[in-house]
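I opened the notebook to log a few look-ups on side chains and their surroundings. The entries follow in the order I made them.

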Amino acid sequence: LMLSAAAMFGMLMLTTRVQDLDVDDPSAFGRVDACYEGVQMFRSHPLFGVGAGNFTDYNYLTAHNSMLLVLAETGFFGYVLWLAFIGYSLMMTLRLLHHRVEQAGPGKSIVPQGKGTIPAPVKDDWDGERGIALTLLLSLCGTFATMFFLSRSYTIIIYLLIAVVVGNFVGARRRFPEIREFTLISGGWIWIPIALGSIVFLFVVVTVLLHSA
């Protein structure tokens, strides 16, 4: 955090385009206008959108927001599925990080949060698993941050990263069977209210930006 703060302060001291950013700037206003058009596309085609890849048929600029781009092109149904796909990858890393394995004495075994026993030396192995999960979590956070300001909804790199996250989670469950799995039947419904809340959030952000222009 200290290094990040120092780096940000150094960037602000330099003469860069960041100091000239303004919603009245033609480039910035064009992005805000593209977001507004994305909202209008969703309002006119709320269920299935205008079709994947068709955003630029309605506006000369893309949405510059991955969430809004998916919402406009695939509608509510497609957006819920995409959001769940993205969200589950984040939840997988968090579940691994929140899991706890305590060290047992020599020749003993422990029963951590579930069924089955695990040999005592396993805690050292679990520390390695948590390190990998933390690395993947930070990678996801950085990727999601860029997706909020750029149209990266269908970029292959994002799906490769999520594939690594899923593969790591599946492998961790094989080595530590007590880790709870994810099922759409038991918790898939939660993405509907999350999607609705995120849509309201996007509408508010776009409205604020339009009134600031």
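**Aromatic pairs and a surface patch**

I began with F85, which is partly exposed at a relative accessible area of 40%. I note here that the model is predicted.

I then looked up the ring pairs. My search of the whole structure gave nine aromatic pairs. In one of them, the ring centres of F85 and Y159 are 5.7 Å apart with the planes at 35 degrees, so I logged this pair as tilted. F85 belongs to helix 4 (residues 66-98) and Y159 to helix 6 (residues 156-175), so the pair ties together parts 74 residues apart in sequence.

Next I took F148 and F149. Their ring centres lie 5.3 Å apart and their planes stand at 80 degrees, so the pair is edge-to-face. F148 is partly exposed, at 24% relative accessibility. F149 has a relative accessible area of 56% and is exposed, because the cut-off for that class is over 50%.

Which residues do ring pairs link into a cluster? I found Y88, F169, F182 and W191. I also looked at the face of F182, and R95 lies over it, 3.9 Å from the ring centre.

My last entry concerns the surface. M8, M11 and L12 form a nonpolar patch there, and together they have about 310 Å² of accessible area. I placed M11 in helix 1 (residues 2-13).

Methods:
Residues numbered from 1 in each chain as written. Predicted model: local features only at pLDDT ≥ 70, side-chain atom pairs only at ≥ 80, totals over all residues. Heavy atoms only, no water. Patch = residues over 30% accessible without salt bridge, like charges linked within 9 Å, V, L, I, M, F, W, Y side chains within 5 Å. Areas by Shrake-Rupley, 256 points an atom, 1.4 Å probe, with all protein chains shown as cover. Salt bridge = Lys/Arg side-chain N within 4 Å of Asp/Glu carboxyl O. Helix = DSSP H or I, 4+ residues; strand = E, 2+ residues; numbered from the N terminus. Phe/Tyr/Trp six-rings, centres within 6.5 Å; stacked < 30°, edge-to-face > 60°. Buried < 20%, exposed > 50% of the residue type's maximum accessible area, 1.4 Å probe, protein only. Lys NZ or Arg CZ within 6 Å of the ring centre and 35° of its normal.
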